[in-house]
Every structure is written in C-alpha cells, then in structure tokens.
Amino acid sequence: MSSSNGPSDLTAERARDVAIDTLRLELEALLPGAVEDLKDLVRIPSIAFDGYDREPVQRSAEAVAALLRGAGMTEVSIESVEGGAPAVIGRTPAAEGCPTVLLYAHHDVQPTGDVADWSTAPFEPVQRGRRLFGRGASDDKAGVMAHVTALRLVGEELAADGVGVTVFVEGEEEAGSPTFRPFIEAHRDALAADLIIVADSANWAVGTPALTTSLRGLVDVVVEVRALDHAVHSGLFGGPVMDSLTQLARLLATLHDDDGKVAVEGLARAQDPSIEMDEGDFRRDAGVPDGVELSGTGPLTARLWTRPALSVIGIDAPAVREASNTLVPVSRAKVSLRLPPGEDPDSAMEALVAHLERHTPPTAQVTVHPGEKGRPYSARQDSPAMDLARTALGEAWGTAAVDTGLGGSIPFIADLIEVFPQAEVLVTGVEDPESRAHGVDESLHLDEFAKVCLAEALLLRDAGSLNRGRA
C-alpha cells in the first residue's frame, strides 16, 4: 500500500484491506469447485489442429458456455466464422456511460506429442502436491477458469455498478488463430470494450506476479531441399551425389553463427531489458543439462525477449528405424523465427527467405514456402489500466509485480489493437516457469491460480474508475 496523508486516507486503506480479506475468504470457498471445473475442461481433448477430431473442440466450447451461464452472464453464445473453430462469447452489457471489460482466453490446446513421455495420461488431470498436471491445465483452460472464478466472486457487484463484462474464449489459438481477424470483425459490436485482459501469459516465478509488456512476433517457413528425382542406392550413387538430408542440415547450419546468434542479415533487435534473470533458475526451468552451454551472447532477458531467435521445429525425413541404404531425394524442415518488438513481419520474412535462397547449395534445388506471420507487441507502460493491474497483482500476491517481456508470441493482440483502437490491452497469465506449457507434463500451480483469480477480481472491481463508455 502507498503511504497515507491523513485520517481519511488511512480509513480508505483499511476499508480496502478489509474488502480484500473478505474477497480472499470468499475465493477460498469457491476454489475447490473451480479446480474441479478445470479438471473437467482438461479431460476434453480440444485440439484444433488439422487432422484431429473436431468434436472435442465443440464439446469444449459447450462446456465453457455452460460455465459462463453458471457464472451469471446474461448473454452466452457459441460462434464461428467460415472455416473456423467454435468460440464462446459471454456478455453482461454495461449500463449507459459505464466501461466494458473484455476477458480473453482460449479453450483449445496443443497436441500432446508422444503420450508415452508423459508421467500420467495428458487428458486425465492429476494433482501432485500443489500442481495440477494435464494438457491445457495451465495453457489456457486455467485462463478460462480464472475468468469464470473472478465473475463468480464479483460478477453481481459489477452488474450492480453498471460495469459491462464480455468474455471471449477462442477455440483455435494453438493452431495459429487462422480466423481470428475475420471473427472479431464479424463480432465487432459484441466484443467492443474499453479494457481488454488477455489471460494467456506467464508470471515471473512462483510467488512473484508479472505484467507482460512485450511479446515477440513470429514468422515461419518450410524449406524443401531436393537432390534427386527419386531415391537411389547409396553405395552405387553416393559420392557424386550428396543426399538431400545432409544438404538440408548444411543449409540450416548457416542460420546461426558460431556463438549461436541468428545470422540472418537485416533483422532488427530491440533495446536490452532493464532486468535480468538468474542463469541457474533459467537452466533449471528450461531443462538444460549440466555442462551444456547456452546459445548467444548478452543478457538472458535480451536473448529471450528483445532479440530474434530461430529454431528448427520439425523435419520430414526417414525415421532411423525405417532407414534403408538409399540416398534421400527430398527433405523438408520447418523453421520458426521469433521477432523482437519493433520488427516488421513482412521484412523479417523477406530476410529469412533471402538468406535461405542465398545459401542454396549448387548441388540441390531449394524451395522456400512462407508460412505464418505474427506481429510483436509492446505495451504502453504508464497507462491507468497498467497502474490498476500492478496494484491488483501486488495486493493478490503480497509482492510487487514485475514488468516483463515474453519470448513467446500472441500475434492476435495486434489485431485486437487495430480493430478496437479505443481499448487498452493488458496481458496477464496463469503460468509460471515450471508449467511446461506446450510440453510434456504441463501443469498449473494451484496456489498461483488462486492469486490470479483474486487479482482479476480486484482489477474488475477497480475497472469502473477507468474512462467510461469509450467502446
């Protein structure tokens, strides 16, 4: 709390402290039910990627819609645009002249990878200690439940004060949000808001909240290397002909210098962050084995947040167990390039494609297929909404929030800003560095989840003080 200037300030602070303690007790009573509801969501394998059954995605949307109705939202519907996955919109409209808050999360999840690598079945939630394990337990079904729980806590109070709340739960975020822009344009009136809270990020550490103020953008390509029209015997033809997989490996190796820095010319880099993280903590959270050096140079936070990072995230080539003594005629790799704030995705895509074409070996044909593009995000850090969020996070955790960047990408935030230019955007989250979002044994820290719910309830309570009726 800030220092007081007189008796009236002290009285106001004490009243707020009492209100927070009351809300905390009410939340404690609600949490067991919220965790059970989260477990039910985790049990639904809502993977929106091509090739997966879409029925669970629809079932997940229906479950979310039921939760929003149960939380008191007056208008709830499941919507989609052509070719898109089902999303859920819940609304309690604002009174005239009062602000509206839009709460975003997504109910679809990443594929599991090899289920055998998981300690327990990915879609059967299991609690071990204070962590709940399961695909989507943190990313982002916990975000859905944070919104639901906050509304269970203060929804009636908000309605009485005239503050409007809209909940938008997307169904294809993990698949790249391919119809996000057409969707929000088609539902512009229903989604218009003064403040948008995106619950799809991470906190600094267990016990320390964070407000995400920057995100990297993204471009990706599939690079195809062809050496032959068809496979041939490696003994009879090897030597004069170098197989495509070897040539692909040589081409991919040009993307970094000897220090591990991205070697693609023409890419931007943003200013180094003012905070740094402990290397030991980073190595533990990332699972870097002892004795293995980290890539790149400079501050870890810069390498993670404000400089480009490039990864090969997939290769099409024969599996080792299926390998025969033949020269592989064609190989493909998917290359993912994360972009720092300030970088233009179109320029970055041109730079990446130009690099690959410039380093094409004369012994192969190389074709580059451009893929997804997403813009980076940098927040205005001194806005009234940011101040409210920092206050709410600090009160919920009992320690000040950290303004942090995030190496991941949420490209649709740029779309939200363009379609709703009157709205302020806050990026919060339920994850922590040990959550392993997208990975094996994804988990949620239940004590942190409780603090997220409390912070959001406090922020919603304070939203009425923002400029009213700009949406």
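User: What volume of space lies in the largest cavity?

Analyst: This is a predicted model. The count comes to 2 cavities of 30 Å³ or more. In the largest cavity the space is about 120 Å³.

User: Which elements give two or more residues to the lining of the largest cavity?

Analyst: The lining of this cavity has 13 residues, and those closest to the centre are Leu 393, Thr 428, Val 452, Ala 455 and Glu 456. The elements that give two or more are α11 (384-397), β17 (424-431) and α13 (446-462).

User: How many residues of the lining of the largest cavity are charged?

Analyst: The lining has 9 nonpolar residues and 3 polar ones. The charged count is 1.

User: Which elements give two or more residues to the lining of the second largest cavity?

Analyst: This cavity has a volume of about 50 Å³. Its lining includes Ala 85, Phe 168, Glu 170, Phe 180 and Phe 183. By class, the lining has 5 nonpolar, 2 polar and 2 charged residues. Two or more residues come from each of β6 (164-170) and α4 (180-186).

User: Which element supplies the largest share of the lining of the second largest pocket?

Analyst: The second largest pocket has a volume of about 300 Å³. At least two lining residues come from each of β8 (210-215), α9 (300-306) and β16 (402-406). The largest share is 3 residues, and it comes from β16.

User: How many residues in the lining of the second largest pocket are polar?

Analyst: The pocket is lined by 16 residues, with Thr 213, Ser 214, Pro 273, Ser 274 and Gln 381 nearest its centre. By class, 5 are nonpolar and 2 are charged. The polar count is 9.

Notes. Residues are numbered from 1 along each chain as its sequence is written. This is a predicted model: local features need pLDDT of at least 70, side-chain atom pairs count only at pLDDT 80 or more; totals for chains, interfaces and linings use all residues. Side-chain values use heavy atoms; hydrogens and water are left out. On a 1 Å grid over the protein atoms alone, a cavity is a set of points where a 1.4 Å probe fits but cannot get out, and a pocket is an open set with protein on both sides within 12 Å along at least five of seven lines; lining residues have an atom within 4 Å of a point. Grid points are joined across faces, edges and corners, and a volume is the space filled by probe spheres set on the points. Helices (H or I, at least four residues) and strands (E, at least two) are DSSP runs, numbered from the N terminus. Ala, Val, Leu, Ile, Met, Phe, Trp, Tyr, Cys and Pro count as nonpolar, Asp, Glu, Lys and Arg as charged, and the others, Gly among them, as polar.
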